[in-house]
Amino acid sequence: MREVVFDTETTGLDPYQGHRLVEIGCVELVNRFPTGQTFHRYLNPERDIPPEVFAIHGLSSDFLQVQPLFADVAADLLDFIGGAALVAHNAAFDLGFLNAELERASQAAIPRDRLVDTLLLARRKYPGSPNRLDDLCIRFGIDNGHRTKHGALLDAELLAEVYVELVDARQAQLGLVAMPASRIVVTDFAICAKVRPVPLASRITEAERVAHSALVAQLGAVAVWNDYLRESR
């Protein structure tokens, strides 16, 4: 199963009020595992960047005006996405901007039924809890300390980890992990020892017995060997 986790950065909140994409980042998952394959582009929005938006993602007009237009990268983006399900946080927002750009580039829109919205998943799983991306990273112990500003590829990578946790895929993947061994105590266990009908012949010669006894005698009366010699008599 192939899925693409994606995130976008924009110039504002509404693509039909003249706002545009400025960045898109995608992360490929196969069977809920990241493959290492990504897609990332900065985009020229052909307009200014409002100061309040610059404070969020830090992408300036000077930097973006030398980046490619969305129409120039649309084919590469669609090739990367392919027929995969698309995973995003507050997915309707990102898809709205993506489809508005596809429309401007004379490309077919992506249907909503291909979306998996991690915000909805989180609200169902943790109703009443804060479910921003940062909140979910904290909940699942995912390191987001390097996220000082929003960035499409970084956020997509973090969201991929969050998504795996939300759908409990990590537990399913680790189902074959060896568990610690437990000590087993057996009680009331009887062992029946058979007695040989004919004892085995001793391999110690009489000369060896005499030599050993002489050696033990030299060790004194407290030598431990005396205990064994008494038991054997």
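How many disulfides does the count come to, and which residues is Cys26 in contact with, leaving aside its neighbours within four places in sequence?

A: This is a predicted model, in which local features need pLDDT of at least 70 and side-chain atom pairs count only at pLDDT 80 or more, whereas totals for chains, interfaces and linings use all residues. Residues are numbered from 1 along each chain as its sequence is written, and side-chain values use heavy atoms, with hydrogens and water left out.

The count comes to zero disulfides, a disulfide being a pair of cysteine sulfur atoms within 2.5 Å. Cys26 has 0% relative accessibility, so it counts as buried; buried means under 20% relative accessible area, exposed over 50%, and partly exposed in between, with a 1.4 Å probe and protein chains only. Cys137 is also at 0% and therefore counts as buried. Of the 233 residues of the protein chain, 38% are buried.

Leaving aside neighbours within four places in sequence, Cys26 is in contact (heavy atoms within 4.5 Å) with Val4, Val5, Phe6, Gln37, Thr38, Phe39, Leu77, Phe80 and Leu153. Cys26 is also one of the residues with the most contacts inside the largest nonpolar core, along with Phe6, Phe70, Leu77 and Leu98. That core has 24 residues; a nonpolar core is a set of buried Ala, Val, Leu, Ile, Met, Phe, Trp, Tyr and Cys residues joined through side-chain atoms within 4.5 Å. S1, S2, H3, S4 and H4 each give two or more residues to this core, and H3 has the largest share, six residues. Here helices (H or I, at least four residues) and strands (E, at least two) are DSSP runs, numbered from the N terminus. Apart from this core lies another, of 19 residues, among them Val5, Val27, Ala122 and Leu136.

Now to H4. Its buried residues are Ala91, Asp94, Leu95, Phe97, Leu98, Asn99, Ala100, Glu101 and Leu102. These pack against strand S1 (2-10), strand S2 (21-30), helix H3 (70-81), strand S4 (85-88) and strand S5 (115-117). H4 covers residues 91-104, and because its 14 residues at 1.5 Å a residue should span 20 Å, the 20 Å between its end C-alpha atoms agrees; the expected span is 1.5 Å times one less than the number of residues. Just after H4, Ser106 takes a positive phi of about 60°.

For the protein chain, the secondary structure comes to ten helices and five strands.
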